[in-house]
Amino acid sequence: MMATTRHQALVNDPRVAAARALLHAAIAEHQSALPSSPMPANPALTPAYDAMLARFAITRGRGLFFPYLGSGLGRGAWVELADGSVKLDFISGIGAHPFGHGGPELIDAHLDAAFGDGVMQGNLQQNPESLEFSERLLDEANRGAPGQFAHAFLTTTGAMANENGAKVLFQRKAPATRVLAFSHCFAGRTLGMSWVTDKHAGRVGLPKVLDVDYIPFYDPEKGEASTRHAVSVLRRHLERYQGQHALFIAELVQGEGGYHTGTTAFYRALFELCRAHGVGVMIDEVQTFGRTHEMFAFQHYGIADLVDVVTVGKLSQVCATLFRAEFNPSPGLLSQTFTGATSALYFGLTVLQRLRDDHHFGADGRNAAIHRYFVAHLERIAAAHPDWVAGPFGVGAMVGFTPFGGDGKRATLLLNRLYANGLMGFNAGSEPTRLRFLVPLLAVTDADIDAAVAILEATLAEVDAEA
C-alpha cells in the first residue's frame with residue numbers, strides 16, 4: 001500500500017468531496033441569476049455604496065480610478081458590484097484574472113488552499129505546490145530550448161520580479177551600474193523600477209537610484225529605418241558608457257506604453273548587440289505572459305537564444321524571475337517572506353494547465369482567434385468612422401486601439417463613459433492616448449466580445465456627438 005500523509009487523507013475524505021459539490025452547486029445557482037448584459041445599480045444599495053467609496057478615498061488618500069467595489073460574485077466576464085450593478089469586465093484587474101469572475105477553477109483553488117495549512121508560502125515555509133509551480137514555469141520557458149533557464153525565484157508582485165531580475169544582472173556585471181530600456185516602457189513602481197519606467201510622474205520627489213538610457217521603440221511606419229535608428233542609439237550609449245551597462249530590460253509588447261509591438265528582426269538586432277557587449281537581456285513579461293501566440297512573448301518573437309532573464313506576473317498569479325544557471329546569484333541577494341498565497345499557487349497551476357489543454361497558442365490557437373474576432377469588429381468601426389477608431393490593435397489577447405486621434409481628454413471621457421455604460425477597459429500610452437482591453441482569455445466568449453463591441457460602438461457615437 002502506498003504511503004500517504006494525513007493531509008492527503010484529509011483531501012481525499014468523501015465529506016470534503018461532498019462539501020465541494022455543495023459549494024459549487026450553490027455558487028452556480030446564484031451566478032445563474034446574473035444577466036449577460038449590463039445592469040444599473042440598485043437604488044436601495046447606492047447610498048451605502050457611495051459612502052463606502054468616500055471612506056475608501058479617505059483611507060487610501062485618493063479615490064479609486066473607477067468607482068468599483070465588487071460584491072464578491074461574478075460569472076466569467078461579467079461581474080456584480082456591491083451596488084447591485086453588473087458590468088462586462090474586459091480589463092480583468094489589468095490582466096490578473098484570466099478566468100474572469102467566479103469560475104469553478106478559482107473556487108477549487110481556494111478550497112485546495114484551505115486544506116494547505118497556511119495562507120501564504122515563503123522563505124521558511126513552502127509546500128509542494130511551490131515546487132510544482134516553479135518547475136512548470138521552467139518547463140514552459142524551456143520549450144524548444146531545453147535547459148536554457150535553470151532557476152525560478154517566486155515572489156508576490158511583478159515589480160519585485162523585475163527588481164530581482166535587475167539585481168541578478170547587476171551582480172553578474174558588477175561594478176556596472178547603468179540600465180538600458182525602451183522609451184515609454186513600464187517596469188513597476190518600486191523605488192528602482194520607478195527610475196526604469198519612462199514616466200516622470202511616477203518618480204517625482206524620489207531619490208535617484210539608477211541611471212537609465214532609453215532606446216526608441218519600433219515604429220512600424222518606418223520599418224527597417226526604425227531598427228537602424230534604434231541600433232544606432234544603442235551603439236552610442238554603449239560607446240559613451242563603455243562597460244557600464246548591466247542589463248537591457250524590455251517589454252516585447254509595450255503594455256502601459258500603448259500596446260505597441262516590435263518585430264523579430266528589430267529585437268534580434270538590439271539584443272545581439274547587447275550580447276556582443278556583455279549586457280544581460282531581461283524580458284519583462286508581467287503583462288504579456290500567456291497572452292501572445294506562445295506562452296512567452298520571447299518565444300512568440302523567436303528570440304529565446306538571446307534572453308538571460310525573464311519575469312512573469314499577472315496571469316500567472318504568483319510572479320517569478322527565471323534565469324540561466326550562470327546567473328544564479330550569491331546567497332543573500334534574493335529572499336522573501338512571501339512567495340505568494342497558497343490559493344494563488346494552486347490557481348496558477350490551473351492557469352498553466354488550461355492554457356495548454358485549451359490550445360491557446362499558435363497561429364490557430366484561441367489567443368489568435370480572440371484577437372481576430374475582436375479586431376474584425378474594430379476594423380469595421382474604423383472603416384465606417386476613421387475618426388473614432390484607429391490601430392494598431394495589439395497582439396493576441398492584448399487588444400488596443402486609438403480613439404479620436406489619441407486626444408487624451410476625449411479618450412478619458414470615452415473610458416469613463418464606457419464604465420458607466422457597463423464595459424470596463426483601461427487607458428494606455430499618451431500622445432496618442434490609447435484604450436486597451438485585457439479580456440479574461442480563459443473564459444471570454446464570442447458573445448461577450450459582441451456585447452462589448454455593441455457598448456463600445458454606442459459609446460463612441462455618444463462621445464462623438466458631444467464634441
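Two strands count as paired if DSSP finds at least two bridges between them, and strands themselves are DSSP runs of E with at least two residues, while helices are runs of H or I with at least four, all numbered from the N terminus. The model here is a predicted one, in which local features need pLDDT of at least 70, side-chain atom pairs count only at pLDDT 80 or more, and totals for chains, interfaces and linings use all residues. Residues are numbered from 1 along each chain as its sequence is written, and side-chain values use heavy atoms, with hydrogens and water left out.

Strand β11 takes up residues 280-285. On one side, β11 pairs with strand β8 (residues 245-250) in the parallel sense, over 4 bridges; here A250 has I283 of β11 as its bridge partner.

Turning to the helices, the axes of α14 (residues 408-421) and α15 (residues 446-465) come within 10 Å and cross at roughly 130°. Axes are lines fitted to C-alpha atoms, for helices over the stretch in contact, with angles from 0 to 180 degrees between N-to-C directions. That makes α14 oblique to α15, since angles under 35 degrees are roughly parallel, over 145 roughly antiparallel, 65 to 115 roughly perpendicular and the rest oblique.

Terms used: Buried < 20%, exposed > 50% of the residue type's maximum accessible area, 1.4 Å probe, protein only.
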